[in-house]
Amino acid sequence: MAFLGAPLAGSMRDLVSVIRFVMIFCLAWVGASPLSATVVATDAAITGDKSGTEFAITLSQGVTLEVFTLANPYRVIIDMPDVSFQLAKNAGRQGKGLIKAYRYGLFAARKARMVIDTVLPVGITNAELLAVDRGAVRLELSLKPIDAATFGAGTGASKSSARRTKRAPRIKAKRRASRPVVVIDPGHGGIDPGALSKSNVYEKDIVLAVAKLLRSELEKRAAYTVLMTRTDDVFVSLDKRLEFSEENDADLFISLHADSIGDSRFASQVRGATVYTLSAKASDETARRMAEKENNADAIAGLPRMDDKGDGDVRDILIDLVKRETANFSADFSNTLVGRLRKRVRLSNKPQRSAAFKVLKQTGTPSVLVELGYLSNSEDEKRLTSSKWRIDVTQSIAKAVDAYFDRRTALAR
Ligand code: ZN
């Protein structure tokens, strides 16, 4: 089976030196069916070159994995439970691209480890677990060269994330070859009306109508599974919206809202649509206030204010890699969306902002919150209630969704 050389034993000491990324995959079904049969690792493969190298391996069932890098020498480590490696006899001796060689075997009682030696300091730019046949999963890692300083700079941050691994979020394996799941999230509802216009137009009604129109626009394409967090005038807590997204393994989450400003002196000037993404620190004061207002929805509905289950700090739940990937995709979709909306819909003076919106705190699902316009502005109010404008806005969002998934599919090829 494995060959455990001296470098592997030495790596325990290095663990405390440089850990750049820690990534946890907890597959939901593992809890339901304890690892009775031994997990078998097969089909390790290396592709790419020195500008970017991919490493992949198949595991006969989902396991909890940790992936991180170490220095002196530069290595990528994959830790997993007891795994039986059934790889080709010479597997790992001959590297390719950024990978010099790799080795594998038991690292401690019921703990297996793969050590991938790299020729340069590398960053893990992507790590995914893809479901394959009969419950098996394929781990795919993408490595890119980085400079030694960048490699070392991750130390502090990743130590703290290593400590956090106990309550790391659960990340399900992505389904391969199925339609992307788009979750549309009409804000507010029921007891929580959201913003109000002077003539008593409710935010909750506008966003539900726009959401339904967007759903039918997306369903026309027969390319997506389109789900909504609510389809009626009913209150749904922010937690439930997040749960819904996670349970359905959403690939994209679009929350729809409409705003209103309290100060009537500015009501005639402040108007237009804005796309928000998640950030721990708000892009500006307006964004910060907006998040505060939207995060208050549960309190408005009379729910006790939860202490965010200990993950109130956005940074806590967004661990390293997963966070980075999700944030990048959210930003990518936000760019595309604003570009599309600009052609047909009036935007606010700063149409891309970010803040700590609770409903966007999604570990693995790229998500945006769209404020469609201002109910406090009479021109915006007219548009928000006009069917022509609603068609313009939903077609623009749908085109942005198409462009976004086209690009992701192209990247995945
Ligand atoms: Zn709202």
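View 1. The model is predicted, and its local features need pLDDT of at least 70, side-chain atom pairs count only at pLDDT 80 or more, while totals for chains, interfaces and linings use all residues. Residues are numbered from 1 along each chain as its sequence is written, and side-chain values use heavy atoms, with hydrogens and water left out. The zinc ion has as protein donors His-188 (NE2), Glu-203 (OE), His-257 (ND1), Glu-294 (OE) and Glu-294 (OE), at 2.0 to 2.4 Å; donors are N, O and S atoms within 2.8 Å of the metal (3.2 Å for Na, K and Ca), and water is not among the atoms, so sites may look incomplete.

**View 2. An open sheet of 5 strands.** The strand order is S6-S2-S3-S10-S9, with mixed pairing, where strands (E, at least two residues) and helices (H or I, at least four) are DSSP runs numbered from the N terminus, and two strands pair if DSSP finds at least two bridges between them. Strand S6 (83-85) and strand S9 (122-131) stand at the edges with a single partner strand each, so one side of each has no neighbour in the sheet.

**View 3. The antiparallel strands S3 and S10.** Strand S3 (residues 52-59) is joined to strand S10 (residues 137-145) by 7 bridges, and Ala-56 has Glu-140 in S10 as its bridge partner.
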